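This report goes through the structure shown below, part by part.

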Amino acid sequence: MLNIFCPHCGESRSEEEFHAAGQAHIPRPLDPNACTDQEWGDYLFFRDNPRGLHHELWIHAAGCRQYFNATRHTVSYQIHETYKIGERPSVTAKASIKSEPKPLAVDHQVAGAKA
Amino acid sequence: MQHYSGFGLFKHALSHNENWQRMWRNPTPKPVYDVVIVGGGGHGLATAYYLAKVHGITNVAVVEKGWLGGGNTARNTTIVRSNYLWDESAQIYEHAMKLWEGLSQDINYNVMYSPRGVFNLGHSLQDMRDIERRVSANRLNGIDGEVLNAKEVESMIPYMDCSKNTRYPVMGASLQRRGGVARHDAVAWGYARAADALGVDLIQQTEVTGFRKENGVVIGVETNRGFIGGKRVGVVTAGNSGHMAMLAGFRLPLESHPLQALVSEPIKPIIDSVIMSNAVHGYISQSDKGDLVIGAGIDGYNGYGQRGSYPTIEHTLQAIVELFPVLSRVRMNRQWGGIVDTSPDACPIISKTPVPNLFFNCGWGTGGFKATPGSGHVFAASLASGEMHALAKPFSMDRFYTGALIDEHGAAGVAH
């Protein structure tokens with residue numbers, strides 16, 4: 001049973017209150033019409049699937065109903081940190097460098113926070 | 001290879017069963033093979049067997065990190081069926097089904113394939129419409145299927161709660177009579193033994209740590225026991241495929257999740273078929289030993305831990321007790337998790353990759369066991385010729401760029 005700290009509610013709650021929503025920090029292409037099929041397919045379907053640290057999106061579905069990010073180890077399931085949308089993880093692994101935004105696009109989570 | 005037969009059993013009984021041969025050798029890796037297969041589960045071993053038997057390529061190695069058939073092959077709920085909606089998947093699963101029917105004779109190993117019938121229950125009008133559509137599609141593809149109403153279901157599964165008082169009443173079902181179960185371990189062991197007899201090297205406890213490339217073309221695998229050369233390399237590593245792809249330098253549209261199953265204490269025979277429900281989300285059958293074999297959905301988050309979460313167990317058993325209130329006091333004996341590689345359209349990826357001579361067979365997600373013989377058969381043909389088999393072509397990873405997805409999510413009558 002995972003206990004997950006919701007950064008919006010400020011407390012640890014049982015995993016039953018949450019839904020996992022997949023890999024975090026996926027930059028939405030700024031101009032989808034200008035994407036090649038390859039870029040669009042990568043954006044829609046291709047995911048990092050590391051054995052190790054994974055930055056992922058969760059929603060506190062039966063709580064505050066807000067999204068946040070978590071850095072979790074996919075073998076031990078240990079959650080190293082949770083942080084709000086728009087923030088950057090402080091715990092990273094080598095494998096996660098690949099998921100950094102490409103110059104093609106902007107991470108809408110970060111962009112949204114600035115706006 | 002020592003041939004197994006009834007007479008052999010008798011003969012060995014006379015010598016107190018002390019003269020049975022080992023099922024396979026434990027060879028030292030050769031420097032180079034025609035084909036190296038990464039992953040010694042059912043699909044990998046089937047691939048090796050058909051490479052040797054159908055294509056005459058016997059200079060083959062199967063490299064396995066742990067022991068043969070110790071991953072998802074040993075962790076599934078052993079269900080075999082081919083009632084998929086779309087033509088592409090129906091054809092590959094039916095190809096597997098036809099091989100299941102003669103498999104024990106083919107590999108001289110009893111895989112205990114038992115066509116006891118698979119029911120997919122409908123609990124709403126929409127479920128019933130979907131069932132009629134799927135059964136019609138199956139029949140057009142030459143796959144047996146019947147639509148049953150609630151009365152017929154009740155008469156065939158007497159212990160199930162088919163009353164109208166339940167939250168999700170049973171309104172009917174589809175039935176594939178050729179579907180059923182097979183003994184999962186026997187499938188791996190049988191393929192391993194038959195492949196070994198044809199000269200395939202089964203190399204266990206050898207972990208692939210990387211792929212060696214020359215001018216961008218793969219020429220073998222790096223392992224914790226040194227380099228093993230391979231003119232072609234086929235990766236069949238289920239839940240670890242994403243990790244393997246990362247080692248090879250590309251990404252796959254896969255996410256690995258834990259999928260749980262449970263078995264109960266052995267009880268008297270009560271369920272003589274396989275019963276699956278998409279809506280209440282559970283499936284159940286009974287093994288020859290008497291254990292109820294139960295499964296349901298994946299845990300929602302990515303994980304490689306080979307264990308599942310308690311909320312998922314609870315959800316699974318709620319579904320089973322909803323269908324079978326009579327089972328509410330049966331105790332569960334064991335519970336385990338396997339790591340399944342789920343793809344966005346719930347269909348496998350049998351494909352060439354961006355690296356020449358490197359092939360992947362993965363993405364079978366929650367339903368790979370039933371496909372074991374067919375998957376191995378078409379992947380062997382693809383590895384032998386270097387071109388994808390006709391049945392495998394629609395499952396290329398290019399489909400995620402062209403948009404030609406095979407959307408079996410929710411369509412296959414399966415609890416994904």
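## Contacts and overall form of chain B

Of the contacts in chain B between residues at least 6 apart in sequence, 76% join residues at least 24 apart; two residues are in contact if their C-beta atoms, placed from the backbone, lie within 7 Å. This is a predicted model, in which local features need pLDDT of at least 70 and side-chain atom pairs count only at pLDDT 80 or more, while totals for chains, interfaces and linings use all residues. Residues are numbered from 1 along each chain as its sequence is written, and chains are lettered from A and ligands numbered from 1 in the order in which they are written.

Chain B holds 10 helices and 18 strands; these are DSSP runs numbered from the N terminus, with helices being H or I of at least four residues and strands E of at least two. The radius of gyration of chain B, taken over C-alpha atoms, is 21 Å, close to the 22 Å that the globule rule gives for 416 residues, so chain B is as compact as a globular protein of that length. The rule is 2.2 Å times the number of residues to the power 0.38. Along the principal axes, the C-alpha trace of chain B spans about 65 × 65 × 40 Å. Buried residues account for 53% of the 416 residues in chain B. A residue is buried if 20 or more other C-beta atoms lie within 10 Å of its own, exposed if 12 or fewer, and partly exposed in between, with C-beta atoms placed from the backbone.

## The eight-stranded sheet of chain B

In chain B, 8 strands form an open sheet in the order β5-β6-β4-β13-β14-β15-β12-β16, with mixed pairing. Two strands pair if DSSP finds at least two bridges between them. The edge strands, each pairing on one side only, are β5 (146-149) and β16 (332-342) of chain B. Neighbouring strands of this sheet are turned by 20° against each other on average, direction ignored.

β12(B) and β16(B) run antiparallel and are joined by 10 bridges. Gln260(B) stands opposite Gly337(B) in β16(B). Helix α4 (residues 125-140) of chain B packs on the sheet and touches β4 (118-122), β5 and β6 (172-176) of chain B; the direction of the helix makes about 20° with that of β6(B). Axes are lines fitted to C-alpha atoms, for helices over the stretch in contact, and angles run from 0 to 180 degrees between N-to-C directions.

## An enclosed helix

Why is α7(B) described as largely enclosed by the rest of the structure? The reason is that 6 of the 8 residues of α7(B) are buried. They are Ser241(B), Gly242(B), His243(B), Met244(B), Ala245(B) and Ala248(B). The cover over the buried residues of α7(B) includes β1 (32-38), β9 (208-214), β11 (226-235), β12, β16 and β18 (358-362) of chain B. After α7(B) comes Gly249(B), whose phi is positive, near 95°.

## Two loop residues

Gly69(B) is found in the loop between β2 (60-63) and β3 (79-80) of chain B. Gly69(B) is buried, with 24 other C-beta atoms within 10 Å. Leaving aside neighbours within four places in sequence, the contacts of Gly69(B) include Gly42(B), Asp185(B) and Trp189(B). Gly69(B) and Gly42(B) are 27 residues apart in sequence, and their C-alpha atoms are 6.1 Å apart.

Ala390(B) is in the loop between α9 (372-385) and α10 (399-402) of chain B. Ala390(B) counts as exposed because it has 11 C-beta neighbours inside 10 Å. Ala390(B) and Ile92(B) are 298 residues apart in sequence and 9.8 Å apart in space, C-alpha to C-alpha.

## Where the chains meet

In the interface, 20 residues of chain B are in contact with 20 residues of chain A. On the side of chain B that touches chain A, α7 (241-248), β12 (255-264), α8 (310-323) and α10 of chain B each supply at least two residues. α10(B) gives the most to that side, with 3 residues.

## Chain A and its confidence

An open sheet of 4 strands in chain A has the order β3-β4-β5-β6, with antiparallel pairing. Its edge strands are β3 (19-23) and β6 (79-84) of chain A. The twist averages 30° from one strand to the next.

Chain A averages a pLDDT of 85, and 81% of the residues score at least 70; pLDDT is the predictor's confidence in each residue, from 0 to 100. Among the elements of chain A, helix α2 (residues 108-114) has the lowest mean pLDDT (42) and β5(A) the highest (97). Over residues 95-115 of chain A the pLDDT is below 50. Where pLDDT is low, the predicted coordinates should not be read in detail.
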